[in-house]
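Look at the sequence and the structure side by side.

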Amino acid sequence: MTVRPNVRAMSGYVPGEQLNDPEIVKLNTNENPYPPSPRVFEAVRAALTPNSLRKYPQPLGDTFRKAAGRVLNVDPDGILIGNGSDDILTILTRAFVPEGGLIASPTPSYILYKSLAEIQGARFAAVPLTADWQPDADRWPRDAHLSFVPNPNSPSGTVIAAERLAALAGLVSPAPFVCDEAYADFADDNSLALLPSTPNLIVTRTMSKSYALAGIRFGFAVSRPELVRELVKVKDSYNCDVLSLAAATAAIEDQDYFRHVCAKIRATRDRMTTDLTALGFEVTPSHANFVWCRRADRPLKPIYEALKSRKILVRYMSYAAGPVGHPEGSAYDGLRISVGTDTEIDQLCAALRVIL
């Protein structure tokens, strides 16, 4: 069996650990520590009927699109549904990037972007972020077929101002510029307001984080309706199932519950930042549901391993290069720690006091 050479050569994206142990304190994959809206369970139970399960789901997710359009104040026809936002990123790559084409994204950032380029047989430009975690417009390749910019960024949790995003999108226009907003609901601002004035902008969202639906896999993109009509040609015919559509629709309609949970996570995030700083970590101010921690006095991987031995999972991440100012040729690593419940963060800090 012959595998394409570019696939054989790539290492592939490695997701965070998912250990089947109920005693694990899981702070490594940025899942929401609270359950979904109660309306989600009602909607899923209502969808569990013989007719709904024996028939194909809505191919475009029209019920969800109408609900999301009302909540986000966007045209429902400008919404594309996906099996998680990673599915959306894959659809965009397939639609816009030719073999041998070019994808650009900042670094350190979401490592899936490089994997998508490798699968497509495309080139990948990792543009170093500045010391204050902003994209360097002077280094951004103007000939990129597709640009991915996560905002807030992972692993740093930092944000880019809307006017700066718009300027960067203008530099690569008319090529598509994707603002990956997986964590935008934990920040003070987002880029949806830029859509009318930025014709090449595509905003991607997920229901995994702020809506606590990582287990059902649902994401979406927002852009111009005429572009979405083209992207529909690329996606799988029925890429979201009946239960995920029901859950996502119920979740996005319950904005009171959504705001309540996001506020709790933001409050815990602020407390985490204070507590981890007091323990000697350099904590980057975060606008997401995680924090990025580094230390100058000791290596970080042994801390990750010591926490794991105590059944506390965090994400150890290492990049080939860091932001501008980090010594060239040296790896850039850190611990990305998801915001858990207050009790889980107390357990984390207690363990760190022993380890350190």
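Predicted model: local features only at pLDDT ≥ 70, side-chain atom pairs only at ≥ 80, totals over all residues.

Asp 185 sits in the loop between strand 6 (177-180) and strand 7 (201-206). Helices (H or I, at least four residues) and strands (E, at least two) are DSSP runs, numbered from the N terminus. Leaving aside neighbours within four places in sequence, Asp 185 is in contact (heavy atoms within 4.5 Å) with Arg 205, Ser 210, Tyr 211, Phe 258 and Cys 262.

**Helix 9**

Helix 9 covers residues 242-253, twelve in number. From first C-alpha to last it reaches 17 Å, close to the 16 Å expected at 1.5 Å a residue. That expected span is 1.5 Å times one less than the number of residues. At the start of helix 9, a side-chain oxygen of Asp 241 comes within 3.0 Å of the backbone nitrogen of Leu 243.

Is helix 9 largely enclosed or open? Ten of its twelve residues are buried, so helix 9 is largely enclosed by the rest of the structure. Buried means under 20% relative accessible area, exposed over 50%, and partly exposed in between (1.4 Å probe, protein chains only). The cover over the buried residues includes helix 2 (38-47), helix 4 (62-72) and helix 10 (255-278). Strand 2 (79-82) is also among the covering elements.

**Strands**

Strand 2 runs antiparallel to strand 8 (residues 219-222), with four bridges between them. Two strands pair if DSSP finds at least two bridges. Leu 80 stands opposite Ala 221 in strand 8. Ile 79 and Ile 81 point one way from strand 2, Leu 80 and Gly 82 the other way, and all are buried.

Elsewhere, four strands form an open sheet in the order 9-10-13-12, with antiparallel pairing. Strand 9 (282-284) and strand 12 (315-319) stand at the edges with a single partner strand each, so one side of each has no neighbour in the sheet. Strand 12 pairs with strand 13 (residues 332-338) over five bridges.

**Aromatic rings**

The whole structure holds ten aromatic pairs. Rings of Phe, Tyr and Trp (its six-membered ring) pair if their centres lie within 6.5 Å; planes under 30 degrees apart count as stacked, over 60 as edge-to-face and the rest as tilted. Two of the pairs are set out here.

| Pair | Centres | Planes | Type |
|---|---|---|---|
| Tyr 56 and Tyr 238 | 4.4 Å | 10° | stacked |
| Trp 292 and Tyr 332 | 6.0 Å | 35° | tilted |

Tyr 56 and Tyr 238 lie in two loops, so their pair ties together parts 182 residues apart in sequence. Tyr 56 is exposed, at 64% relative accessible area, and Tyr 238 is partly exposed, at 39%. Trp 292 is buried at 0%, and Tyr 332 is buried at 6%. Ring pairs also link Phe 64, Phe 218 and Phe 220 into a cluster.

Key
Residues numbered from 1 in each chain as written. Heavy atoms only, no water. Polar contact = N/O pair within 3.5 Å; in protein donor to acceptor, adjacent residues only side chain to side chain.
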